[in-house]
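Please open the model in your viewer and keep the selection tool at hand.

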Amino acid sequence: MTVKRRHFLMFLGASAGSIALAPVAQIGQKFSMPFQTGAAQASTPNGLSFIPVKGPMPLETSSIDVANQVAEYSSYTVIDDVVLPDGFTYDVIAAWGDPVGDSHFGYNNDYLSFVETGEGEGYLTVNHEYVSPLAWIPSYEPVLGKVLPFEQVQAALEVAGEDGIDAYSLDDNDPIKAQIREISVEALVDQGLSVISIRKNADGVWERTNSGNDRRITGASGLDDGRYLGSTGPATAVFRKTRVQGYTDGLGDRIIGSFGNCSGGTTPWGTVLSAEENFQAQVPEPVYADGSSMSPGDKTFVIDDEDVGGQGNVIGLAGNKYGWVVEVDPANPNDYGVKHTWLGRYRHEAVGVRAEAGKQLAFYSGCDRRGGHLYKFVSTGTVSDPQSKANSRLLASGMLYGAKFNEDGTGSWIALAPDTPVNPDLPRTIEGGMIPLPNRPDGGIVKVDSDEAVQQFKQQFSTLGQLYSGTDRERQGAILIDAHYAANAAGVTATARPEDTDVRPDGTLFITYTSGTSGGDGGPDKRIFVGPNGETSYEYGWIMRLNEDSNEPAAMTFTWEMVALGGEPAEGGLGFANPDNLEIDASGNLWMVTDMSSDKHNRAVPSRVDENGEAVSQSNLRGLFGNNSIWFIPTSGNDAGKAFLFGMGPIDSETTGPFFTRDQQTLFLAVQHPGEIGGIRTDGAAETREYAMKTTAGQEFKQTREVPIGSNWPSKVANDPPKPAVIAIRRTDGGRLTT
């Protein structure tokens with residue numbers, strides 16, 4: 001086992017994926033304005049009475065007309081706080097380090113679920129995705145009162161570097177290995193889920209009640225405490241095998257922990273679904289043909305030039321047990337989660353739930369990677385009562401499908417089954433020109449970059465079943481374990497990083513796609529994911545609407561259209577970049593939060609042309625958009641399809657997991673990784689930067705922007721460590737947020 005000394009910080013934060021030392025345009029049938037329009041509204045947007053926040057970028061929905069935009073936006077001050085419209089406030093409910101059961105509230109809170117048990121009370125279940133080392137390391141001791149051997153480990157690796165050693169070998173007798181294991185376990189403890197009980201007091205403020213059901217499900221649950229997670233579905237047959245091609249942890253269908261917990265979903269029967277996303281940053285993702293894991297010893301446990309390992313490798317976790325959807329009943333204090341393997345193993349983002357009496361259950365989820373897919377699970381059995389907890393049993397039998405999008409706005413679902421034909425899309429149709437496929441007879445994957453190689457692959461393998469081994473059930477389990485690469489082999493459409501899947505009560509599915517560029521995992525289909533000016537590498541993202549044919553959850557065909565587009569208003573976008581989580585309010589309107597990479601927040605853009613005379617990339621132009629933000633998009637009325645800026649997040653943060661109470665008086669929000677790049681803000685540190693902005697009409701002008709360096713949120717006290725936290729947003733007059 002080796003560790004690259006130069007990557008120690010990246011090892012701790014590898015799952016971040018972001019650490020780095022107007023109206024929609026019409027293009028064929030892909031883009032349209034599908035929302036209903038109606039009578040003209042007043043100066044506030046339809047469905048909500050608020051005056052939009054002024055962000056750093058001129059917007060079509062701003063009250064500032066184009067003639068005054070240069071003067072009004074020539075200077076801007078970034079605030080290290082959650083910025084909301086006048087008349088709104090927020091309360092901090094829980095922050096990293098707060099006591100929860102026999103543990104503490106975890107780090108980098110993401111998806112939120114509020115299961116109400118009565119008027120103004122219920123269980124708040126919170127995902128914890130990863131740790132951000134530049135903020136987590138210096139804050140760990142002051143927040144948790146515990147010392148970890150960060151300095152000793154880094155010092156040992158630096159000594160090795162001075163001796164010219166690039167990779168430091170560790171064996172079981174090396175004290176540095178024990179110290180790295182200690183840090184790794186604590187990083188896993190700060191991931192997973194928190195279940196906390198809350199209520200609204202007489203003053204309208206939400207507070208914790210600290211009931212006996214409050215508990216943590218961590219990335220290390222079961223390691224030393226016996227709190228294993230369970231599993232259902234065909235992959236359990238693979239977990240139970242004792243003779244495998246690769247690695248087994250010897251635990252059968254018991255599972256240690258859940259980590260990389262990003263988005264999720266809530267069922268009508270009161271359980272919570274937590275989606276494990278970037279598991280590949282902590283355990284090996286590739287598997288063998290029988291679905292067994294690569295050995296932790298086959299990978300370095302940190303990032304090196306090509307491979308990714310992580311905290312789980314130090315402990316010897318089996319990689320095939322991570323990357324699933326976990327179901328938890330917050331009301332059951334003995335429930336530490338079940339991983340339902342029929343939902344597939346991939347880099348899950350979100351779970352959209354469709355449960356209707358007399359019909360099969362449908363769950364939607366996306367794989368958040370460049371070239372990831374949109375998936376649907378359909379149960380074998382039907383729903384009797386959507387509110388019955390017996391519905392959880394429906395997740396143990398069904399089929400997983402991947403979406404195939406056609407250019408004409410139609411599509412179909414492809415089963416990930418052994419008899420499904422092998423028919424990969426050709427690399428020339430994919431942005432970046434590459435598609436990863438299962439590598440046979442060896443395990444893992446092969447990156448295919450020519451149409452000829454795909455044709456050879458199809459000649460060698462005719463069905464998915466030929467790519468995997470074992471009994472019929474084991475073969476199906478192996479396909480689900482290797483779902484992303486099996487989907488590539490079956491010709492499921494490569495997409496633009498699907499982030500959220502949310503189902504409106506009428507059955508309409510909304511999907512956010514955060515970025516249309518390519519990378520080492522592949523890229524999106526160039527025929528489907530197109531920017532407002534015909535770009536086939538479009539950074540800023542889309543929101544898609546999908547309707548099943550005949551409005552049937554189990555339908556095998558559908559129609560789709562893009563309903564909102566990220567980007568600068570002057571270029572045809574709505575003013576946001578990288579749409580992420582969605583929430584649908586009681587009136588059917590969309591609330592959306594963004595997920596720009598932290599290193600791009602407020603990045604200076606003094607010119608749109610670099611020193612070589614080349615245009616600055618869309619990725620680096622994201623500095624123009626400022627901090628991550630919160631948006632309201634009406635789906636009916638005169639303002640349908642427009643985007644109104646409702647709020648901005650603190651420095652280096654991501655606002656995630658929006659969730660409304662049933663009475664629409666509270667919007668819960670998770671603020672993730674404040675200070676991820678700048679760490680602790682000391683002595684009010686800030687700097688002035690320049691930006692080449694554009695008015696909504698396309699006139700370029702200079703903006704000077706005052707940008708804090710690091711964060712002190714949520715305390716906002718000078719030199720305090722930043723802490724991820726969950727907040728409750730409400731109106732100061734106690735009214736509904738929506739109408």
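The structure holds zero disulfides, a disulfide being a pair of cysteine sulfur atoms within 2.5 Å. Select Cys-262, which is buried at a relative accessible area of 3%; buried means under 20% relative accessible area, exposed over 50% and partly exposed in between, with a 1.4 Å probe and protein chains only. Cys-367 is also buried, at 0%.

This is a predicted model, in which local features need pLDDT of at least 70 and side-chain atom pairs count only at pLDDT 80 or more, while totals for chains, interfaces and linings use all residues. Residues are numbered from 1 along each chain as its sequence is written, and side-chain values use heavy atoms, leaving out hydrogens and water.

Turn next to the rings. The structure holds 29 aromatic pairs; rings of Phe, Tyr and Trp (its six-membered ring) pair if their centres lie within 6.5 Å, and planes under 30 degrees apart count as stacked, over 60 as edge-to-face and the rest as tilted. Select Phe-50 and Phe-632: their centres are 6.2 Å apart and their planes at 75°, so the pair is edge-to-face. Both Phe-50 and Phe-632 are buried.

Now select Tyr-540 and Phe-625, a tilted pair with 5.4 Å from centre to centre and 50° between the planes. Tyr-540 and Phe-625 are 85 residues apart. Tyr-540 is buried at 3% relative accessibility, and Phe-625 is buried at 7%.

Finally, select Lys-54, which lies over the face of Tyr-73 at 4.9 Å from the ring centre. Such a charge has NZ of Lys or CZ of Arg within 6 Å of the ring centre and within 35 degrees of the ring normal.

Note on methods: Helix = DSSP H or I, 4+ residues; strand = E, 2+ residues; numbered from the N terminus.
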